[in-house]
Structure formats: C-alpha cells, structure tokens
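Please keep the sequence and the structure in view while reading.

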Amino acid sequence: MPTSAAPSPALRRLLTFSLVALTLALLPRLSHAEDNASWIALVRQLGAGRAPVVAPTWGSGSVALSAESGALVAAISAPLVVGQPGAVDVALMSASHVRTVQVDGAAAAWRLEGGVLLLHRPEGSDRSVRVRIELELPAVAGRALVVPLPAWPGGTLDAVPGDLEVQGASDDGRIAGTSRALVLTPSASKAPQVRAARYEVALRPGAADITLRIEVSGRGQSGRISLAPIAAALIDLQVDGKPATPFSEDEHHEVEIAATGRHIVIARMQVTAEGDEQDQSVSIGRVDAPITEVLVRVAGKRAIRFEPEVPTQSRFERGQTVVHGFLPPGETLQVGFAVDGDAIERSVRFSAETVQIVRMEEGLLRGEAQVQLKVVQGKATAIQLALPDEVVVAEVQGSDVSTWDVLAASGELPRRLRVGLAGDGSERRLTIRFQRPLPTKEKVAFEAPLLRPLGAFHESGVVVLQGGDKVGFADIEGAEGWLRAGLEALPAAMRQQLEGRADQVWRHIGPPKKLPAQVSAARVREVRLEARGTALVRVDERALHASHVVVVEIKAGRTDTILLDLPEAVGEPRVAAASLSKTAPAEGLQPEKGRKLWELRFSTTLEGAVQLQIDLEQLLAADQDAIVVPDVRVRGAEVETGVLALAAEAGLELAPDAQGETRPVPTTELPEALARQAGRDLVAGFRSPRGAIQVRAGLQRRATVATLDAFARRVWLDTHVLEDGRIAARAVVAVQSAGRPVLRVQLPDGAKVLALSVGDAHVKAVRDEKGGLAIPLGGGSEVRVEVRYELQRDALGALAHVELLAPRFDVRQGPLQWRVLLPGELQRLRETTDLRDAMHGDWEPLPEGGAANLMPLPLPYDAVEFRLGREVTDADGAATISMWLAPRPPQSLGWLALLAGAALLAFGALRGQRGMLIGGIFSLALGLGIGAMADAMAGQVAVLILLAFAGGVIWLLRKLRRRPEISPV
C-alpha cells in the first residue's frame, strides 16, 4: 500500500479505535454498494424550484490522504460526465466537512444540501470535466475516521499517512467499485481499546442500579478507560474478577488497564431518577464503544422509552418488564418509565395551536408551520408531529429546539418529525419549513401537506393556501371537518408578516382531517400601480443630467415587469433596483409621439413596493436656448406624484416655467436631502400633486470669472549655507485649496529632494513634464506641505559669492518668511535682494505638526542667522538673495588699530605734526571698520568717545595752566 511520511503525534493520539470493532460494525455498512437513487431523489425535492438535480457518470479516480494539524485531509479526484444539458446541480456524493471543490483545476460553485454535495454547472459549461474534492475530517479521540467515496467504478489510493491502516482498499492500493467509504485506524497505537459494552439497568422509583460490563483489548501500553460521569455513584469496580482502584479525573470515573490481552471490567453504579410521582427518567453517561448493548428491567408491566430511539425487544417475565436493544455511538442514554400502574401513563399534557401557510409554485409546494404549545402538566422534553410521506423538512427553528429528526413509520405510529426541546418553559413556539413535489397537470387532486402535533389533549389551527404566478389552488367547495375563514383567523403578527395574498383560509378545531386540493391555472389578477418620484436635474454646459428616485407601489395583483415611459431625447436609462434582471426597450408596444418605452424585468414577482433609481442624460446643443426637463412616467400607474429640484452650474442662467399640473414651490419646502444634494447650484423647486412633473426652462450662457482655486496662506523658508558649499533648505507652505488636486513646485536647478510630506503623511516626489514637483493635496481645505532639499555649490573661500533662490509655487503666495543661517566665521560684505529685512518685523512661528522622522537638515558651524521677508508673491514668482561673504576679522585687531589711532592723534595734537594726525585718523577708521565686521563696533565707538572726552579735558587743563599772568599796573 502506498505510504508517506509519518503524521504528527497529535493525529496518532487522536486516532484510537479498534480494528476488530470497525470491521464488524462499520465496514460492512460502508462498503455495501447501495443504489444512490434515494438520496438523489431527496435532493431533487429539496432543490425543487432551482436548477434540476442530476446524477453524473463517474470514471475511475484516486484518493490522497494527508495529516494537517490534528485533522485528516482527503483529496478525491476523478473524471465525470453530466448527461443533461442546460444549468444543472450535479449530485456528487454524500459528504460533510467539505473544504474545496475544483473543476478542471479552477474553484467551482458548490453547496451542501440534505447531506449531499451539489456542484452547480451553468448553462453552456463543459459536460465532461475532472472534479477534485477536498474533505477536512476532524479527528476525535476514540473514534475512527471515515472517508466517504462517490459512486464511481473504482479508484486508487495514492497516499496514506504511515501510521494508519485503511479498510476498504486492497494491499496494492486499489479501491473496489463497491466501496463507498474508507475507514482509517491507527496501526502504531498500543493504548487499550474498548471493544464492546453492556449495560444492565434495574429501574425503581427515584433511582436506578446499573451494572456495566466492558470488554477491553490491552495492547501493551498502559491507559485509562472512562466509565461514567462523576455524578454517578460508583459502588464496586472489578477487572478480570479482581477488585480494582478507580480514578476520578476530568469529571469522570476511570479505570487503568496495563496488561495485554482481553480484559473484562465490571462496574456497579447508582444514578438518581428525575421526574414526578407518575413518570421518571434516568440519564446514563455511556462508554464510547463501537458495540453497546442495553438490558433494562422494571417491576410490573410497563412501557419503557429510550432516547435515542432504537429498535428494542420487550417481554414480560417473572413480574418484570424486560427491554433489550443495541445503541448507536453516542455519549448519553435516557431511559423513561412509569412509576405506578401496569402501563405507562402520559405525564405531559399540552395543547397545540398551529398556523400553516402553503404556497404553490410550479412543480413544488412550500409550507411553513408555526406551532404554539402550552404545557399544562409535566415537562415537555420533545414533541412529535405527524409528517406526510412526500414531505421533506427543510428547517426547524425555535428558541428551545435542541435537535430534530425525521422518524420512519413504525407499527401504528405514522411517519413523524421529532423535535427535542430544552429548558422548562410552559409555552413553546416552533417554526417548521417543509416542501413536497406538486403535480404538474391541472385538476389533479392531491392532499394538502399538513403537519399535526401528536399527543395534544386539545388542538386547533388555521391553514392558508396561496397560489403562484402560473399555478394556483382550485376552489375547495367543502371539506369535512374544515371551516372557511378569513385573515382575521390569523394572529395579528402573522397577518402583518404574510407575504402575498391569501387565496383560501381554512380552520379546524380538533385533530385536522384531510384537506383535498386541486391544481388550477393561476388567476390573472388586475395589477394596480401608484408611483411617487423625487428628482434632481442638473444642467451644465454640455448636457442635462437627471437623477430620479421612483417608488412604485403595487396596490393589487402581482407583476414581474414595469414599463417606463421616457422622452425620446434622453439617452439609454441607467436603472438600479432590487431583483432587477433586465432593462431593454419594450417590444410590441406603441408609445406616444416623442416618447419611448423601456421594460424593466425582475427575477422575482413584485409585491408591495419597489424603489427604482433612474439616471438619465440629454445632450445640449451649443446654441440651445431652451430645455424641456425630462419627465419619468410609469406606464399603467393610476396615481403619479413627484418633487423636482432644478440646479445649474455657474455660467448658466435658467428661467424655469411649470407646465400642466406642476406648481413651483419655495426651495425651503423641498425635501432636506434633495436640497442638500443640489447645494448652492439650486435654482428652483417644483411639485406635482397629480401626473408627472412638467417643466420648461429658458437657457442663457454667461461668461464666468476666473478665481483662484488655491493659494498659499503663508510660506516659511529655512536655508543653511555650509562651509563646503552645500546648501540645505526646507520650504513649508500652508495651502488653502478649493478642490485643487495638485500643487506644483519648481526647485532651484540641481536640487536633490531629501523628504516630502503632505499633512502628517510621507509622499513620494513626482516630477512633472517641466521637471518640477507635482504634489497631491488630497482634497483638504488647508494642507501643510513640506519639502526638504539640498544643493551642492563650490566651497566657500576667502571671498565667496552665494546665490540663493527660493522655490517657486504655481499658486499665489501670502507672506514669505525666509531665514538664512551662515557659518559664524563668515561675514556678509554685500547683498542684493528684492526682500526686506525682517529681523524686527512681524515674524510668525512655523506651525506645529507635519510628518514625523523627516530627513534632518545639516547646520553650519557656529551658525549666524538673518531674516528676510515679503508680503505677496504671484504664482511662479521668484525670490532671490545674492551676497558676498568674507572671513570675519578678529576683534583684537580692531582694538589694536583703535588704540594706535588714539595714540597717534594724541601725539600729533601735542606736537603739532600733521602727519601723525592723518595716521591717527586712518588708524581709528580702520579699527572701527574691523569692529563693525567683528560685531564689536559699538564698544569701540564708546571707548573712542571716552578717549576723546579724556583728551579734551587734558587739553583744556593744559590751556588753563599755560595762560600768562598779568602784572598789576
């Protein structure tokens, strides 16, 4: 047999099951070649009204098995041929846990219905294909894995995990055509396995004595076997006739099996019975075994019920009722019995009221039964309903529903639906949906399918018959045990939820009898329509655009088509509606002059109301001076009303005039949603109390005035000039946009973009056809845009000339703030710019925000800054700075020249030498110039003034001292 790599240990632990038990209990059933006609017929009933269900012709295929995360994946691949043309549903196989279905390597449409895998093949698709089905089977501890197979002539087993044994395939990997499943068991596991279990239950009021006998196969590895839930009182435990020690873990009693070979485990337990003085039941937690036998004894002649229901043998011997049976795999067994009396008494009393709605379709009857139970005595854990033979149950709903199953007829019991109920409520509500095939010929008698609760002490109900579009129920002249009624017999809530019209309503009190019915052609009902429309019409330079929302209300009858009556001048309408399948020009109908008819066909029959979204467009000529607003009419509508809002774009002047029954209304009276949608372009509003809205309007074209669609509220520039000639800059601009999508920025030649952000997001730099940056604004009313870039120029020398150029924006700019940072050892000798000095002006700080982690700009060493600005810059306007830079002289040289000049002036003045005076003046000027370049001029001027004052004082004192003395006469 083909093998592959060993699967995970998790799969080996989960797959523990007895090979002998599987061979005896499962394999004969799964390998039996059964005719598939029964389940295909069931699916055909379930799918009636859809595509027909067909069985394919299979070819030989293959099966590949693989282990994935504690589950087994089975890939089934085989060719098949679909014999029936057209759109069909192909019944592939009985399956569950389907993961994927592929047809010729591509994913295909499939569904599970009634436990059958259906593959949908549309009309025109290939009839001969290869199908691959993947099943993902979850592994459960203590249970084998069963891989179902299709009804093919045979196949091959291509891959199997190494520690699994496969039943259903030969040693060489061949799968016989009679095999309908593969059974997988672990070959490497040595843990003990349960082969069979037998329960002997002795019932008595209030309790039950249980003797459990388990046959265990030990395979060399020690392991524990779960016996019963810990709620059961364990009295005695023996293994092979010797007392054994029980273990209590995971809320269960367990026993350990260590030795190999066959072992017999016997456990005696007691459980408490629940119920009242008349009827009681016990719940038994079961051992997971492939074969489970149950023997129940109770004193007296009584009926005993099992849940789950299984075929049993009952006998009366030695004053006891003995019931014997075998159980399918499961976790619990519930046994019910009567406490007193020779026969079981009914411990639950309830009344039932049913409302059943039966709808007729072509070839199918669909039914819905709503059952209301009122329990007046006891506890209802389940209810059974009589089920007609051809009825298929599709769905059972209810807040207390736990399980539901369809049981075959047995003895005097009819075919029935059993619904398990949870909780202790006294009122239960069930909703059951069912269906059955319908005779196709007219006047063929049949029995209306009805569900009836079994065991109710009082029952009543109502049946509503509804016809279809092409078939219907013939009038029932009279039916024994039935009373004709009206819709008032239904509860108010159901009358409001009833879809369609009730053709006949019948009522019964007591058990319902047969309700004879016949198929007749459906009555053609007169269709009455009403239409209400809301429209927004926009007029631009080239066309008229009309958006209509029309609500069509079907007052009587049913229809699947609606005719729209439109002006001939409009183009093809674009219509959207629920269930709309086709929009096309109506054929065979004559419209009025200047109009055309369009047919809307729906995939379902319309009832109630349907909303249509209709968009129309009408082209306008360049010299057209009048327009007729297109009106939308619904053909056959008895009442038509509408509201219209008229809007025009800037540059167009409309002079509207209402026609016929249409009346102008103030725009404030228009629906709020319509006025909000029209916005500032709203021109006028109209309303029509009867008939479609008719409006004509004169049209005049006016020249529009161009206005700014965007402008830069403020621009911030930072430029860093470095010693190596590198110029790093960033520009931040606050752009206010009126819907402009892109901002274009022209950077200086040779600029390399370092970072670009819009708002708080990084964006990629995109060059336009002119080499500039095209920056998307994103539609915000005010957007913060930041660009960081770098230029490489010649290194700065002893005397350097630097040209700075600001980025140019294609929008008008507000105030410009430009900050320039220079190396501290350089001094501006001369600059030329059209900007003003902004060192002491109105300087707005850079706004916070922007994208994080942008490329930082390098700073010059010991930076010195100066600021310039400008109020307004036109779009694409330039701002430049041209300056000469030189090294800054040391301050000590200025002080030395200043002191030397002061000394020369002093000696020249004292000695009266003109040359020393001129040298002193030149030295002072040199010192002041150096001080100005070294930012020390203010201090030097102060020292110079102090020296001049001191010199003046000294000169004055010397003059006074040298004044000659005058002798007295």
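Is Leu-829 buried, partly exposed or exposed? With a relative accessible area of 44%, Leu-829 is partly exposed, because that value falls between the 20% limit for buried residues and the 50% limit for exposed ones. The model discussed here is a predicted one. The points below are grouped by topic.

**A nonpolar surface patch**

- Leu-829 is located in strand E68, which covers residues 826-833.
- Together with Leu-799 and Trp-884, Leu-829 makes a nonpolar surface patch of about 300 Å².

- Strand E64 is joined to strand E71 (residues 880-887) by 6 bridges, and the two strands run antiparallel.
- Within E71, Ile-881 is the bridge partner of Leu-804.

**A buried loop residue**

- Thr-662 is placed in the loop between strand E53 (652-658) and strand E54 (663-665).
- The relative accessible area of Thr-662 is 2%, so this residue is buried.
- Leaving aside residues up to four places away in sequence, Thr-662 touches Phe-686, Arg-687, Ser-688, Ala-692, Ile-693, Gln-694 and Val-695.

**An aromatic pair**

- The count of aromatic pairs comes to 1.
- This pair is formed by Phe-446 and Phe-473, whose rings are 6.4 Å apart centre to centre; with 40° between the planes, the pair is tilted.
- Phe-446 belongs to strand E38 (residues 445-447) and Phe-473 to strand E41 (residues 471-473), so the pair links distant parts of the chain, 27 residues apart.
- Both Phe-446 and Phe-473 are buried.

**Salt bridges**

- Side chains of opposite charge can pair when their charged atoms come close.
- A search of the whole structure finds 45 salt bridges.
- One of them joins the side chains of Arg-99 and Glu-134, at 3.0 Å from N to O. Arg-99 lies in strand E6 (residues 98-103) and Glu-134 in strand E10 (residues 128-138), 35 residues apart.
- Arg-99 is partly exposed, at a relative accessible area of 32%, whereas Glu-134 counts as buried, at 14%.
- Glu-865 and Arg-819 also meet in a salt bridge, at 3.4 Å from N to O. Because Glu-865 lies in strand E70 (residues 864-870) and Arg-819 in strand E67 (residues 816-822), the pair ties together parts that are 46 residues apart in sequence.
- Glu-865 is partly exposed, at 31% relative accessible area, and Arg-819 likewise counts as partly exposed, at 23%.
- A further salt bridge is formed by the side chains of Glu-871 and Arg-836, at 3.0 Å from N to O. Glu-871 lies in the loop between E70 and E71, and Arg-836 in strand E69 (residues 836-837), so this pair ties together parts that are 35 residues apart in sequence.
- Glu-871 is partly exposed, with a relative accessible area of 45%, and Arg-836 counts as partly exposed at 35%.
- Salt bridges that share partners join Asp-718, Arg-730, Arg-784, Glu-786, Arg-788, Arg-819, Glu-865 and Arg-867 into one network.

Conventions: Residues are numbered from 1 along each chain as its sequence is written. This is a predicted model: local features need pLDDT of at least 70, side-chain atom pairs count only at pLDDT 80 or more; totals for chains, interfaces and linings use all residues. Side-chain values use heavy atoms; hydrogens and water are left out. Helices (H or I, at least four residues) and strands (E, at least two) are DSSP runs, numbered from the N terminus. Buried means under 20% relative accessible area, exposed over 50%, partly exposed in between (1.4 Å probe, protein chains only). Contact means heavy atoms within 4.5 Å. Patches are made of residues with over 30% relative accessible area and no salt bridge: like charges are joined within 9 Å, nonpolar side chains (Val, Leu, Ile, Met, Phe, Trp, Tyr) within 5 Å. Accessible areas come from the Shrake-Rupley method with a 1.4 Å probe; for residues, only the protein chains shown count as cover. A salt bridge is a side-chain nitrogen of Lys or Arg within 4 Å of a carboxyl oxygen of Asp or Glu. Two strands pair if DSSP finds at least two bridges between them. Rings of Phe, Tyr and Trp (its six-membered ring) pair if their centres lie within 6.5 Å; planes under 30 degrees apart count as stacked, over 60 as edge-to-face and the rest as tilted.
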